[in-house]
Structures are given as C-alpha cells and as structure tokens.
Amino acid sequence: MKNAVSPVSRLFAALLLAGGLVAPALADVTLLNASYDVARDFYKDYNPMFTKHWQAKAGEKVEVKQSHGGSSKQVRAVADGLEADVVTMNQATDVDYLADKGLVAKDYAKKFPNNASPYTSTMVFIVRKGNPKALKDWSDLAKSGVEVIVPHPKNTGNGRYTYLAAWGYALKQPGGNDKSALEFVGKILKNAPLFAAGGRDATTTFMQRRLGDVLVTFESEAELIAKEFGRGEFEVVYPSVSILAEFPVAVVDKVVDKKGSRKQAQAYLDYLWSKEGQENAAQNYLRPRDAEVLKKYAAQFPNIKTFSVDEVFGGWSKAAKAHFVDGGSFDQLYVQK
Amino acid sequence: MSAKKNNVLPGFGLALGYTLVYLSVLVLIPLGGLVLKSTALTFAQFWDIATTERALAAYRVTFGASALAAVINAFFGLIVAWVLVRYDFPGKRLIDSFVDLPFALPTAVAGITLATLYSTNGWIGKYLEPLGLKVAYTPLGIVVALTFIGLPFVVRTLQPVIEDIEPEVEEAAATLGASRWQTFRRIIFPAIFPALLTGFALSFSRAVGEYGSVIFIAGNMPLISEITPLLIISKLEQYDYVGATALAVVMLGISFVLLLAINGLQWWAANRHNNRNTGGEQ
C-alpha cells in the first residue's frame, strides 16, 4: 500500500509538475492585499515600486495581488477565510474586528510607526465655483437653506468620518457638550436631502446630478474630482478644524504563518514608510507622515487643525458604541421626536 | 397520486432524491443556517431588534414599495405581453428583447442610471419637478427601481399563456353575443389570471430582496426611504451578524407567508378555471 502509486496521485504529481514548470515564470512569492475601495490608485502605483525594491533587496520576485471593496466587507471576507497577507483599511474599526477574531495582533497599531497609518487625510468641503453660499466652516453647514451631500453616516466610512468631524467641531465650540453636539449634527443632517450609498456615489450626486450646495468628503477625493470633472467646476474649502482620518495597515498573522510569507508581508508594509512610499502617498493626495515629503508637497496640503478619533472619542470602538450602533446618537436623531 | 402510475419516463426515486439534495444544498441549508444563527438571541432580544422604529418603517417601505411595483408590473406587463403576442409590427423582435434587459443589467448600474434620470436635474426628473413630483431620493424612487427590475417577470410568464389562447376562442365568444368587455372578463382573464399571479409573485419577491439598484435612488433617509436590506447591511457594517440575521429572518418569514398566500390564491384560481372548463364532465 505504501509504495503503490494510485492513478490519482500520479495525476496529482503531474499537475504539481506542470504547476512547477509554470510557477518560476510568475513569482517566488505572491502577496494578497485586501484593501478599501478607493485605495485602488494608490496601490496600483505602489505595488510595482515594492516589487522592484524587493527584487533589488532580497533577490526575490514578489507579486502583489489586490482585492478592493467596501472596507468592512473586505474585513468580513478576510475573517471568513479570504487569504489576504496584509490588510490596508481606512478605519481602525475594521482592523480591530480582525484583532478580536485573532487574525491580527491585538497591538497591531504599535507594530508600525504613526499608529500603523502610513498616511492620513481629512474631511473637507467641496462647494460650487465661487462658493455662492459662502460656506466657510461646519457651522455654515447647519444653517437653514443649505443642502449638504454626505454618504450614509452609519453605513460608510466616509460618512462616519463626516459625522464625527461635525460632532468634534461642535464639542470644541465654547460651551460645547454632547447635547449641543447632538443638536448641531442633527441640524446638518436635516440639511441632507439624501444619504448617498458611498463616497463615490456622493461625488456623482454632487458633481454630475448637481444636487446640493456642499459635498463633505476626503481631501484626497477632491483631487480625483478635479481629474474627472475639471478644476473650473468647484472649490475646496478647509474648515477651521476637521478630523484626522487614519488608514491603518496590518499583517494578517494567521495567513502569513500558514503561507510562510511573513517576511515579505512585513517588508511590503514597512516600505510604505520609505521615501518612495511616502512620495506615492503625496502624489495620490494623501498626507504623508514623513515631514520632509510633506514639506515638499506643502502646496497641495494647506495647514488645517485636526483632531483624531482617539483624542476626542477615545478610539473607534467607543465612537461606534456612542454614535453608530442601534440606539446610538444617529438613531436618536431620527427616532426621538 | 402514485408517482409510479402512468409515467413514461422511469427514475422517480433518483429524480426526487436529486431534487431534495439540490434544494437542501442550495436553499434549505443556507436558510436553516440563517434561522439557526438568529437563535443566539433570546426571544426578547430578537423582538427588540426586529421591532425598532427604524426596522418597522423599513418593513413598510420594503413591502409597500415592492407590492406597488408588482401591481404596476402586473398591469403594464399584461399590456406589453398582449401586444407582443397578438400584434405584428416592425421592430417587434427588438422590443421583445428589450424586456429582458433588466435581468441582464447589473442592478447597481440600473440604480445609478435611474437616479441620474429622475434626479431634479435629470432628463426625466426636470420635467417632473415643476409638477411637484420628486422621484429620485424619495420612496417613489424606490418604486421606480423595483418596477424596473421586476418588469420581465410578468411579461415572460404571461407570454406563453397568451400564445396558448386561440383567437378562435374570442371569435366564438363574439359570435355567441359577448361584448368585448365580457370576452375579456369571462374568457381571457380567467385563463391568464394564474400566470398573472405567478408573474406578480415573482416580481414582488424579487423586489423585496433587491438592494443594489435601490440604494442609489432611495436617498436612504431613516424612517422615510430606508429599505430593510439597507438596515441589514448597516448591521453588518457594525459587525453585528446576529442583529442582521434577526432582520433577515423577519424578512424571510413575511415573504414566505405572503408567497404562500399568493400561491394559494393561484391554485384556487387555476382549479376554478379548470373546473369551469371541464365542468359537468366528472
């Protein structure tokens, strides 16, 4: 029995051999990066850079595959068995979930510099050319007669950042507290004629269907709007204070240990903090962490005061519990009459 | 009803076995898993999640808009099917193939297109706005999207049935002195009614589960234009699997009861029709 070679295993061996003949033409190691939707452009540029870097450094050919989708959808897929070596997300909540499931180290935020977020962004206003309603700050968005376009505050990362940014602004006003913030955010949401299905849908609604006076979105999105619709159509307004959007990355321990790809996965994420990686972030209109690179691109990143979710809300899981779970502040705005 | 009797083709046992396995793997096991997952909740918890104000409003929007869309489809689908079967005109084949487009189009594309057309600056929306009619980002927009995706069901279920009604039957009715309305009401309608109900039920159930096209045109305002599938996604966004299953189980329950009722009505209508046609023979 031991030495007998069944036809099935012979076929299997043949397949392996065939696979082996093809494989060297491809790559020594393949990494899968599960990422959020709009990171496509960033990683399309970054992956070839890393492949080249790793070839030169370790003499190994790495192929990086990308999987993009809604951030939490991606994370659910990884939790359900999508074999991603690394996750690059737009919200700590999503990586926290993987940490809770034991796929990612509990202290993933400390495994890399800057809270494991290689670049940041912030929420800004996009207004019509000439800013006809003279919208300067969050308080202008709460005025009656202003139409505000935002993605769904509960279901989208973009919308959640907007919600928390407005909340944080209200807290920072003289005498600001949770009650005044709830009222303030309620006024802004009352000015929303709809909640868009996602960040891109909000952009289409504002730019193409020409609905609303102001679109609240990521700073990086403004540049994509310029590429798509031209610069003559809109203006970017920086409010007095906004939220710091962080984009945490992590190695998926469970997958890299199984595949034996930890070294490459770690290097892939480390390289995000290199000069090249940081430049790439800046070129995609994401604020680099590297002070020198930031200085080089200062023209496209005006100074803006920001607060992080950790500072004002004590972290994403607390913020989610207070605002976005069932019966949280968002629900209260609609259900209490 | 012995299956072995009067059967030309053998293999009842095999076919039934296949049917059961197939249905189990594809339908019963996933749905059973869904129900099982929801049992992680106590009944009181389940009830709380299933009956929040937002959830109740979402059921109303989902089932109300779906029913309305199915009614619209039943009416206009009947006209479309009738025209396509009974009349010959240039471009008939082309129009016939248009009917299937809502099947083939990715629903998100449909939703974005409809939202663009019906928004207040869109090709259609800008003419509706002066009339005080807002479609995109209102519950009306949901009905438009659901009507769009449900259209083929009614047309495609009615077409073969209408083809089976010989025009001679209408002529016979006319020679016997029936008015046009009587011919429709007593001859044609009873024959197509069961198929119309099937088309209605298919269109309705397709609409109840629809997510992709609706979210782009609905506006998604809590209590006004939020559909239940959106609330389910909302819970998944918070990684609240159990809460999401609770809502799904409610949807499943309501849908099952409604479909059962429609099927019952259909059996009743079909029997009545058949009995009448063979009336007195037995």
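Predicted model: local features only at pLDDT ≥ 70, side-chain atom pairs only at ≥ 80, totals over all residues.
View 1. Chain A splits into domain 1, made of residues 7-118 + 247-296, and domain 2, made of residues 120-245 + 304-335. Where they touch, domain 1 of chain A contributes 14 residues and domain 2 of chain A contributes 17 residues. The area buried between domain 1 and domain 2 of chain A comes to about 1400 Å², and carbon and sulfur atoms give 51% of that. On the side of domain 1 of chain A, the residues that lose the most area to domain 2 of chain A are A:Q91, A:Y285 and A:R287, which together make up 44% of what that side buries.

**View 2. A salt bridge between the domains of chain A.** How many salt bridges cross the interface of domain 1 and domain 2 of chain A? The rule finds one. A:E219 and A:R287 form a salt bridge, with their closest N and O atoms 2.7 Å apart. A:R287 is also among the residues of domain 1 of chain A that lose the most area to domain 2 of chain A. Between domain 1 and domain 2 of chain A there are five residue pairs in polar contact, with both residues at pLDDT 80 or more. The side of domain 1 of chain A that touches domain 2 of chain A holds five nonpolar, six polar and three charged residues.

**View 3. Chain A against chain B.** This view turns to the contact between the chains. In it, 32 residues of chain A are in contact with 25 residues of chain B. Together chain A and chain B bury about 2500 Å², with 51% of it on carbon and sulfur atoms. Within chain A, the residues to look for are A:R76, A:N155 and A:R209: these lose the most area to chain B, together 27% of what that side buries.

**View 4. Polar pairs and elements at the interface of the chains.** The count of salt bridges between chain A and chain B is three. In one salt bridge, the side chain of A:D326 meets that of B:K235 at 2.1 Å, N to O. The interface of chain A and chain B also has 14 residue pairs in polar contact, both residues being at pLDDT 80 or more. Several elements of chain A give two or more residues to the side that touches chain B, including α3 (71-79), α4 (92-100), α8 (199-207) and α15 (316-324). Which element gives the largest share of the side of chain A that touches chain B? That is α16(A), with four residues. By type, the side of chain A that touches chain B divides into 16 nonpolar, five polar and 11 charged residues.

**View 5. A:D326 and its partner within chain A.** Side chains of opposite charge can pair when their charged atoms come close. A:D326 forms a salt bridge with A:K154, the closest N and O atoms being 3.4 Å apart. This pair links distant parts of the chain, 172 residues apart: A:K154 sits in the loop between β5 (148-151) and α6 (157-172) of chain A, and A:D326 in the loop between α15 and α16 of chain A. A:D326 also meets B:K235 in a salt bridge. Over all chains, the count by this rule comes to 28 salt bridges.

**View 6. The helices of chain B.** Chain B has 13 helices and zero strands. Its C-alpha trace spans about 65 × 60 × 30 Å along its principal axes. An unreviewed UniProt entry lists "transmembrane region" for several spans of chain B, among them residues 97-117 and 187-205. Residues 97-117 of chain B are 81% helix and 0% strand, with end C-alpha atoms 22 Å apart. Residues 187-205 of chain B are 100% helix and 0% strand, and the end C-alpha atoms of this span lie 29 Å apart. The unreviewed UniProt entry also places "domain: ABC transmembrane type-1" at residues 59-260 of chain B. Over residues 59-260, chain B is 77% helix and 0% strand, and the end C-alpha atoms are 18 Å apart.

**View 7. Around B:I224.** B:I224 lies in the loop between α11 (214-218) and α12 (228-237) of chain B. Which residues does B:I224 touch, not counting residues up to four places away in sequence? They are B:V61 and B:P139. B:I224 and B:V61 are 163 residues apart in sequence, yet 7.6 Å apart in space, C-alpha to C-alpha.

Note on methods:
Residues numbered from 1 in each chain as written. Chains lettered and ligands numbered in written order. Heavy atoms only, no water. Domains from an automatic or database assignment. Contact = heavy atoms within 4.5 Å. Buried area = accessible area lost by both parts, 1.4 Å probe. Salt bridge = Lys/Arg side-chain N within 4 Å of Asp/Glu carboxyl O. Polar contact = N/O pair within 3.5 Å; in protein donor to acceptor, adjacent residues only side chain to side chain. Nonpolar A, V, L, I, M, F, W, Y, C, P; charged D, E, K, R; others polar. UniProt positions renumbered as here; feature names shortened; annotations may be inferred.
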